[in-house]
Amino acid sequence: ITAGISVYHRRCCTVVFCARRQLFKITMFRSVVISLRPAMRLTTGLMTARPAAMRQVARCMASDPQVYAGQPSDEYHRHSTRYHNSPRAVLVALDTGETKDSFPRRGTVDFGDKAARGLVWVLRKVTGIFYREKYTHYATVFETVAAVPGMIAGMLQHLKSLRRLEHNNYIKVLLDEAENERMHLMTFMELAKPSIFERMFVMAAQIGYGAAFSLFYLISPRVAHRFTGYLEEEAVRSYTEMPESIDTKRVPNPPAPAIARAYWNLPEDATLRDVVLVIRAD
């Protein structure tokens, strides 16, 4: 009897040990599966997103195969301005004699458009009070603000492309716009020679406007782009008034800065009026 009880106990301990070992294996396997769930979801997302992304890349390759073949392309990010070669013939063609009211203006459709146009109107009136006909100083402040939307929108579109794993050709357009506006600013900085007070004002405007536009773009990208469009309409209006003031001798017409001649490839005898024409065309 004692021997039989001993054998029974040994078999029970063996069964319990095997059961515990199997339970441990099941628990470890379950933990591994739970820990791999995020990676499995990501892999599923990649497999789902990849066909759409690859189709978009294929369309881009069909439109401009040199970009993806590693060769330089004349159509893709060569220059941040269409007027990178502006000899006298181009300047004459740009000088059409149009007035500030002859350019088309986009109307307002909904409340977002009205709010954007109203904000641009307020900004124009406030800067007009300070600068009136100091066009070069006004343009310096304006271009400081105008160079912000392209960079912020390009950065957010870049992050969106990474987040969605999708190709986005709009990023380079926005970054080219930011670079183009920055070159406008560098040109007017050479002409206006802003004072310390104006530089401090420019810094404050850039910080405040950059933060506000970032929040604005995250809330409603469409209205943010519409606001930038209305801002560019005001820029075209100002750069149309400026040649008229130069022609009437109310504004001096100094030679074009070297940075402007190099960027737009202007002729050697180019003046401020010629620079304004290509900036308006931009």
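Aromatic rings of Phe, Tyr and Trp (its six-membered ring) are taken as a pair if their centres lie within 6.5 Å; planes under 30 degrees apart count as stacked, over 60 as edge-to-face and the rest as tilted. The model is predicted: local features need pLDDT of at least 70, side-chain atom pairs count only at pLDDT 80 or more, and totals for chains, interfaces and linings use all residues. Residues are numbered from 1 along each chain as its sequence is written, and side-chain values use heavy atoms, with hydrogens and water left out.

Six aromatic pairs are counted by this rule. Phe213 and Tyr217 form a tilted pair, with 6.1 Å centre to centre and 40° between the planes. Both residues lie in helix 7 (residues 196–219). Helices (H or I, at least four residues) and strands (E, at least two) are DSSP runs, numbered from the N terminus. Phe213 and Tyr217 are four residues apart, about one turn of the helix. Phe213 and Tyr217 are both buried, where buried means under 20% relative accessible area, exposed over 50%, and partly exposed in between (1.4 Å probe, protein chains only).

Phe216 and Phe227 form an edge-to-face pair, with 6.4 Å centre to centre and 65° between the planes. This pair links distant parts of the chain: Phe216 is in helix 7 and Phe227 is in helix 8 (residues 221–247), eleven residues apart. Phe216 is partly exposed, at a relative accessible area of 25%. Phe227 is buried, at 2%. Ring pairs join Tyr209, Phe213, Phe216, Tyr217 and Phe227 into a cluster.

Helix 8 also packs against helix 10 (residues 272–281). Two packed helices are described by the angle between their axes and the distance between the axes. Here the axes come within 9 Å and cross at roughly 160°. Axes are lines fitted to C-alpha atoms, for helices over the stretch in contact, and angles run from 0 to 180 degrees between N-to-C directions. Helix 8 is therefore roughly antiparallel to helix 10; angles under 35 degrees count as roughly parallel, over 145 as roughly antiparallel, 65 to 115 as roughly perpendicular and the rest as oblique.

In this contact (heavy atoms within 4.5 Å), helix 8 contributes Val236, Tyr239, Thr240, Met242, Pro243, Ile246 and Asp247. Helix 10 contributes Leu272, Arg273, Val276, Ile279 and Arg280. By class, eight residues are nonpolar, one is polar and three are charged. Ala, Val, Leu, Ile, Met, Phe, Trp, Tyr, Cys and Pro count as nonpolar, Asp, Glu, Lys and Arg as charged, and the others, Gly among them, as polar. Ala235 is found in helix 8 and is buried at 5% relative accessibility. Ala235 and Ile279 are 44 residues apart in sequence and 9.4 Å apart in space, C-alpha to C-alpha.

Nine of the ten residues of helix 10 are buried, so this helix is largely enclosed by the rest of the structure. Among the buried residues are Asp274, Val275, Leu277 and Val278. Their cover includes helix 3 (88–94), helix 5 (135–164), helix 6 (170–192), helix 8 and helix 9 (258–264).

Most residues other than glycine have a negative phi. Lys249 lies in the loop between helix 8 and helix 9. Asn265 lies in the loop between helix 9 and helix 10.
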